Amino acid sequence: MNYTVMILGMALITVLTKASFFLLGDRVTFPPALQRALAFVPVTVLTALIVPMVLAPHEQGVELHWRNPQLIGALVAIAVCLRWRNQLLTIVLGLAAYFAWRAALL
Amino acid sequence: MHTPRSALLEGVRDTLPMLVGAAPFGMIFGTLAVGSAMQIWHGSLMSATVYAGSSQLIAVGLVAGHASLLLIWLTTFVVNLRHALYSATLLPHVAHLPLRWRAGLGALLTDETFAVMVGHYRLHPQHSHSHWYFLGSAGSMYLNWQSWTLLGVLFGAAFPALQQWGLDFAMVVTFIGIVVPQLKQRPQLLAALTAGAVALLGRHWPYKGGLMLAILAGVAAGVWAHARTSTVVQEAA
């Protein structure tokens with residue numbers, strides 16, 4: 001196979017899927033029902049991306065126990081975010097809890 | 001955020017955790033690309049032109065499995081479909097920009113920059129320099145990805161244990177900081193719970209099918225809960 005052709009084809013497909021709506025610009029208007037549906041996209045996408053990373057960090061079984069540092073770090077981040085509503089603090093304390101827990105388990 | 005320059009720098013700053021989170025994946029991709037049937041420079045060519053981590057990693061796997069060109073292109077399309085959802089979601093905020101801005105920002109869109117921009121537009125729905133902030137986020141992600149891919153290509157074989165560093169956890173806590181404040185409304189909470197559950201159940205499905213279905217199921221649950229809430233309110237009134 002010609003890998004350069006393969007890669008450039010992939011590039012074209014990717015750019016078209018990424019930029020399609022941006023390129024059509026304000027000529028597209030979404031009906032209210034679709035807009036309402038799209039309002040749920042961010043929360044669903046981000047949650048769908050991180051839940052498997054937290055609950056099944058080794059891409060095998062679900063690890064719903066205290067020896068899972070991803071779970072501890074995520075719970076701390078959620079608690080901090082609920083309490084202080086500060087994104088930077090959420091990231092810093094969540095990461096700190098994760099690394100501290102990993103170190104403590106070793 | 002008073003000048004284009006300060007908006008650009010704030011976009012870079014708010015993307016920093018994502019830059020850290022993407023680093024191990026860039027190196028892993030570079031390493032795998034070197035180990036495949038492709039030539040050494042193909043790894044960097046793919047990062048520079050395709051610029052979509054999941055598709056790139058899957059393509060390397062398909063090349064190793066001797067998949068046909070058509071299958072590789074079809075898979076690329078399916079795996080990247082979620083980006084069409086992202087650009088549809090962000091469109092109202094960029095529709096007024098000139099074509100070259102929309103084309104450039106669209107081509108540079110990623111999961112990470114989408115997350116950062118959702119947070120940004122929530123705080124600043126009307127800001128005249130938001131496209132510079134967008135460029136700061138997307139541009140720094142792009143340069144970051146190229147650098148780490150190149151490092152992976154050059155030194156990949158020397159770093160076999162990258163996945164165990166756990167730096168991708170920076171992405172998890174960042175997403176939590178964006179999602180949790182939005183869960184005050186019940187439809188959003190239901191949408192998130194549904195999406196999370198389906199993503200967990202479908203995490204082994206090929207071609208990110210579980211992720212795509214999780215998004216659809218979550219949106220459907222949210223729309224259903226929203227419609228139900230509105231009906232109750234109307235009846236009460």
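## The second largest pocket

In this predicted model, the residues lining the second largest pocket divide into 13 nonpolar, seven polar and five charged. The lining comprises 25 residues, and those nearest the centre of the pocket are A:Gln87, B:Asp14, B:Gly119, B:Leu123 and B:Ile178. Two or more lining residues are given by each of α5 (87-105) of chain A and α1 (4-35), α6 (111-123) and α8 (169-179) of chain B. The volume of the second largest pocket is about 610 Å³.

## Helix α4 of chain A

Helix α4 of chain A covers residues 69-84, which is 16 residues. At 1.5 Å a residue, the helix should span 22 Å, and this agrees with the end C-alpha atoms, which are 22 Å apart. Just after α4(A), A:Arg85 has a positive phi of about 50 degrees.

Which residues of α4(A) are buried? They are A:Pro69, A:Gln70, A:Leu71, A:Ile72, A:Gly73, A:Ala74, A:Ala77, A:Val80 and A:Cys81. An α-helix has 3.6 residues a turn, so residues three or four places apart point the same way. The buried residues of α4(A) pack against α3 (41-55) and α5 of chain A, and also against α8 of chain B. Both α5 of chain A and α8 of chain B also give residues to the lining of the second largest pocket.

## A buried glutamine in chain B

B:Gln146 belongs to helix α7 of chain B, which runs over residues 130-155. Is B:Gln146 buried or exposed? Its relative accessible area is 17%; because buried means under 20%, B:Gln146 counts as buried.

When neighbours within four places in sequence are left aside, B:Gln146 is in contact with B:Ser44, B:Ser47, B:Ala48 and B:Tyr51.

## The cavity

A search of the whole structure finds one cavity of 30 Å³ or more. The volume of this largest cavity is about 30 Å³. Its lining consists of B:Val78, B:Val79, B:Arg82, B:Tyr207, B:Lys208, B:Leu211 and B:Met212. Two elements of chain B, α4 (69-94) and α10 (209-236), each give two or more residues to this lining.

The largest share of the lining, three residues, comes from α4(B). By residue type, the lining of the largest cavity divides into five nonpolar, no polar and two charged residues.

Key: Residues are numbered from 1 along each chain as its sequence is written. Chains are lettered from A and ligands numbered from 1 in the order in which they are written. This is a predicted model: local features need pLDDT of at least 70, side-chain atom pairs count only at pLDDT 80 or more; totals for chains, interfaces and linings use all residues. Side-chain values use heavy atoms; hydrogens and water are left out. On a 1 Å grid over the protein atoms alone, a cavity is a set of points where a 1.4 Å probe fits but cannot get out, and a pocket is an open set with protein on both sides within 12 Å along at least five of seven lines; lining residues have an atom within 4 Å of a point. Grid points are joined across faces, edges and corners, and a volume is the space filled by probe spheres set on the points. Helices (H or I, at least four residues) and strands (E, at least two) are DSSP runs, numbered from the N terminus. Ala, Val, Leu, Ile, Met, Phe, Trp, Tyr, Cys and Pro count as nonpolar, Asp, Glu, Lys and Arg as charged, and the others, Gly among them, as polar. The expected span of a helix is 1.5 Å times one less than its number of residues. Buried means under 20% relative accessible area, exposed over 50%, partly exposed in between (1.4 Å probe, protein chains only). Contact means heavy atoms within 4.5 Å.
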